[in-house]
Amino acid sequence: MKLEGNYAFEAPLRAVWNALQDPEILAATLPGCDKLTREGNQFTGELNVKIGPVQGKFDGKVDLTEIQEPESFTMLVDGRGGPGFVKANAKVKLAPDGDSTRVDYAADVTVGGKIASVGQRLIDASARAIVKQSLEGLNERLKAMAPPAPPPPVPGAGVAPAAAGALEP
């Protein structure tokens, strides 16, 4: 199965890159994520997934390769559990877009076991929903972490009192 798309984050490139490398931030935004840790360029974790009538826990690892900080990386995904297995190879590219960051992704995904029995259309729709929910959650988290915008200037602020008095007749 191919899974491709893009997302516009309302955050600068460096903030998005850092969030995509942080297991605590990712665990908080991945639906069903019970645990996520990182050692070097490998994430390991536990994810509870439900696709149609099939649900269960996956233990998995994600190896980051071909890292070109802060522009791109490749993820090699290997997840296994009671419902079956998931393997994926995903390329992720980041690019600044004004004050925002555009992320493009393209993945080849293989599933097997009980989870494959629900059918390709349901797996595809569920995978897209999980990706969308994760990206939207990450964007909300990034917006909440952003420093507050400076207040707008107050008219007349910055004018010295003596100068303000000099304007009066």
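The following legends describe close-up views of a predicted model.

**View 1. The largest pocket and the residues around its centre.** The largest pocket has a volume of about 1300 Å³. Its lining comprises 48 residues, and those closest to the pocket centre are Leu30, Leu47, Met75, Val77 and Ile130.

View 2. Two or more lining residues come from each of the helices α2 (23–29) and α3 (120–145) and from each of the strands β2 (33–39), β3 (42–51), β4 (54–68), β5 (72–81), β6 (84–97) and β7 (100–112). Strand β3 supplies the largest share of the lining, nine residues.

View 3. Of the residues that line the largest pocket, 34 are nonpolar, eight are polar and six are charged.

**View 4. The largest nonpolar core.** This core contains 22 residues, of which Phe9, Val16, Leu20, Phe73, Leu94, Leu138 and Leu142 have the most contacts inside it. The elements giving two or more residues to the core are β1 (2–9), α1 (13–20), α2, β2, β4, β6 and α3. Helix α1 gives the most, with five residues. In soluble globular proteins, nonpolar side chains tend to be buried together.

**View 5. Surroundings of Val16.** When residues up to four places away in sequence are not counted, Val16 touches Phe9, Ala11, Leu94, Thr101, Val103 and Leu142. Phe9, Leu94 and Leu142 are, like Val16, among the residues with the most contacts inside the largest nonpolar core.

View 6. A separate core consists of seven residues, among them Val54, Phe58, Val118 and Ile123.

How values were computed. Residues are numbered from 1 along each chain as its sequence is written. This is a predicted model: local features need pLDDT of at least 70, side-chain atom pairs count only at pLDDT 80 or more; totals for chains, interfaces and linings use all residues. Side-chain values use heavy atoms; hydrogens and water are left out. On a 1 Å grid over the protein atoms alone, a cavity is a set of points where a 1.4 Å probe fits but cannot get out, and a pocket is an open set with protein on both sides within 12 Å along at least five of seven lines; lining residues have an atom within 4 Å of a point. Grid points are joined across faces, edges and corners, and a volume is the space filled by probe spheres set on the points. Helices (H or I, at least four residues) and strands (E, at least two) are DSSP runs, numbered from the N terminus. Ala, Val, Leu, Ile, Met, Phe, Trp, Tyr, Cys and Pro count as nonpolar, Asp, Glu, Lys and Arg as charged, and the others, Gly among them, as polar. A nonpolar core is a set of buried Ala, Val, Leu, Ile, Met, Phe, Trp, Tyr and Cys residues joined through side-chain atoms within 4.5 Å. Buried means under 20% relative accessible area, exposed over 50%, partly exposed in between (1.4 Å probe, protein chains only). Contact means heavy atoms within 4.5 Å.
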